[in-house]
Amino acid sequence: MRAGYHPAMPDRGGTLKEQGFYKTPAWRRIRLQALQRDHYICQLRLSSRCTGIATEVHHIQELESRPDLGLSLDNLTSCCWYCHEETKTRKSKPKTISGVRVINITDGSDDES
Ligand SMILES: [Zn+2]
């Protein structure tokens, strides 16, 4: 168990999530700031089950692809649980960008709640 998260931390072979990013005080602090900025209102409205009440904070640019934006308030948006799940569902589907097939593999677990 590490005490903190540092963006320049050398790659130890795991994802940031596996390295405990979501357990760091820095994340908890910025997450709360995002929720307060958005007044705890879901900003995504992706899901038909959207409650409108934000309990999650979503990385607009994925944490794994832009770890440098992991603690940037501009890259965070508040959302409800259902919409957050929706982003994962959509993300996990194969998608085509500029003719390149991109497949994201997610472990499906999320200890952030
Ligand atoms: Zn929602």
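**View 1. The loop between helix 1 and strand 1, where Tyr-40 is found.** Helices (H or I, at least four residues) and strands (E, at least two) are DSSP runs, numbered from the N terminus. The structure is a predicted model, in which local features need pLDDT of at least 70 and side-chain atom pairs count only at pLDDT 80 or more, while totals for chains, interfaces and linings use all residues. Residues are numbered from 1 along each chain as its sequence is written. Phi of Tyr-40 is near 60°, a positive value in a residue other than glycine, and Tyr-40 is partly exposed, with 13 other C-beta atoms within 10 Å. A residue is termed buried if 20 or more other C-beta atoms lie within 10 Å of its own, exposed if 12 or fewer, and partly exposed in between, with C-beta atoms placed from the backbone. Arg-45 also has its place in the loop between helix 1 and strand 1; its phi is near 55°, again positive in a residue other than glycine, and Arg-45 counts as partly exposed with 14 C-beta neighbours inside 10 Å. Most residues other than glycine have a negative phi.

**View 2. Helix 1, residues 25-37, and the residue His-39 just after it.** The 13 residues of helix 1 reach 18 Å from the first C-alpha to the last, close to the 18 Å expected at 1.5 Å a residue, where the expected span is 1.5 Å times one less than the number of residues. Just after helix 1, His-39 takes a positive phi of about 55°.

**View 3. Strand 1 (residues 56-59) joined to strand 2.** The two strands run antiparallel and are joined by 4 bridges, two strands being taken as paired if DSSP finds at least two bridges between them. Glu-56 has Cys-79 in strand 2 as its bridge partner. From strand 2 (residues 76-79), Leu-76 and Ser-78 point one way and Thr-77 and Cys-79 the other way, and all are buried. In a regular strand the side chains alternate between the two faces of the sheet.

View 4. Leaving aside neighbours within four places in sequence, Cys-79 is in contact (C-beta atoms, placed from the backbone, within 7 Å) with residues including Cys-42, Leu-44, Ala-54, His-58 and His-84.

Key
Contact = placed C-beta atoms within 7 Å.
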